[in-house]
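Please view the sequence and the structure together.

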Amino acid sequence: MSLQELAELGAAMSGVGVIATAIYVSIQIRHNTRAVRASAFQQVVNSFAAISFDIAKDKNLVDLYLRAGRCFPALDEVERAQYSLMLLSFLRRSENVFFQTEIHMLHSQHWSGIRESIKAIMVPPGAQACWSEIKTRLNPEFRSFIDALIGPKGKVAAEA
């Protein structure tokens, strides 16, 4: 085997090594992406579970949540502020998930259950009245999403 043939064999083996390395790196990146997405979704679940549990373990907050959902304007000033902050906290978490889904950090099927939870929380007339007061504190894209989610009935309730 001549020196030229050895050089060509070395170049061919080098090419095979580069291809094998590229395949290995792409597999590792795919695994890392899955791990990052799983971690992001776990953080989302933990965040929503925490706020739900914090409200659920305080009978006064549950009462406030129910009364505010029925008629937000009937609450006194402190209760309106407390409910507004509670709803804003929930919506900020929702906004985070919305944008993580928009940038494909979370899969849309992960978002579907949370979207239905948002809708259930935003459907009561009191929540919609509160929404009309706090919506400017959130990103315009997310505001549009919520407005579309609650539909025309929500817009009419907010204006009333």
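The sections below treat confidence, individual helices, helix packing and selected residues.

## Basis and confidence

This is a predicted model, in which local features need pLDDT of at least 70 and side-chain atom pairs count only at pLDDT 80 or more, whereas totals for chains, interfaces and linings use all residues. Residues are numbered from 1 along each chain as its sequence is written, and side-chain values use heavy atoms, with hydrogens and water left out.

The average pLDDT of the chain is 85, and 94% of the residues score at least 70; pLDDT is the predictor's confidence in each residue, from 0 to 100. Helices are DSSP runs of H or I with at least four residues, numbered from the N terminus. Confidence in the chain is highest in helix α5 (residues 125–134), at a mean of 95, and lowest in helix α6 (residues 140–159), at 74. Over residues 154–160 pLDDT stays under 50, and the model has five contacts for this stretch beyond four places in sequence; contact means heavy atoms within 4.5 Å. Where pLDDT is low, the predicted coordinates should not be read in detail.

Helix α3 covers residues 77–102, 26 residues in number, and spans 36 Å from its first C-alpha to its last, close to the 38 Å expected at 1.5 Å a residue. The expected span is 1.5 Å times one less than the number of residues. At the N-terminal end, Asp-76 caps α3, with a side-chain oxygen 3.1 Å from the backbone nitrogen of Val-78. His-104, which follows α3, has a positive phi near 65°.

Helix α4 (residues 108–122) has 15 residues and reaches 20 Å between its first and last C-alpha atoms, close to the expected 21 Å. Its buried residues are Trp-111, Ile-114, Ile-118, Ile-121 and Met-122. Buried means under 20% relative accessible area, exposed over 50% and partly exposed in between, with a 1.4 Å probe and protein chains only.

## Packing around α2

Axes are lines fitted to C-alpha atoms, for helices over the stretch in contact, and angles run from 0 to 180 degrees between N-to-C directions. The axes of α2 and α3 come within 10 Å and cross at roughly 95°. That makes α2 roughly perpendicular to α3, a term for angles of 65 to 115 degrees. Leu-61, Leu-64, Tyr-65, Arg-67 and Ala-68 of α2 make the contact with Glu-79, Gln-82, Tyr-83 and Met-86 of α3.

Helix α2 (residues 59–71) also has an axis that comes within 4 Å of that of α5, crossing at roughly 80°. These two helices, α2 and α5, are therefore roughly perpendicular to each other. Here Ala-68, Gly-69, Arg-70 and Cys-71 in α2 meet Pro-125, Gly-126 and Ala-127 in α5.

## Selected residues

Thr-101 is placed in helix α3 and counts as buried because its relative accessibility is 11%. Its side chain reaches the backbone oxygen of Val-97 at 2.9 Å. Beyond its neighbours within four places in sequence, Thr-101 is in contact with Leu-106, Ser-108 and Trp-111.

Ile-114 belongs to helix α4 and is buried, with a relative accessible area of 13%. A separation of 10 Å lies between the C-alpha atoms of Ile-114 and Arg-93, which are 21 residues apart along the chain.

Gln-28 lies in helix α1 (residues 3–56) and counts as partly exposed because its relative accessibility is 36%. Its C-alpha is separated by 54 Å from that of Pro-73, 45 residues apart along the chain.

Terms used:
Polar contact = N/O pair within 3.5 Å; in protein donor to acceptor, adjacent residues only side chain to side chain. Parallel < 35°, antiparallel > 145°, perpendicular 65-115°, else oblique.
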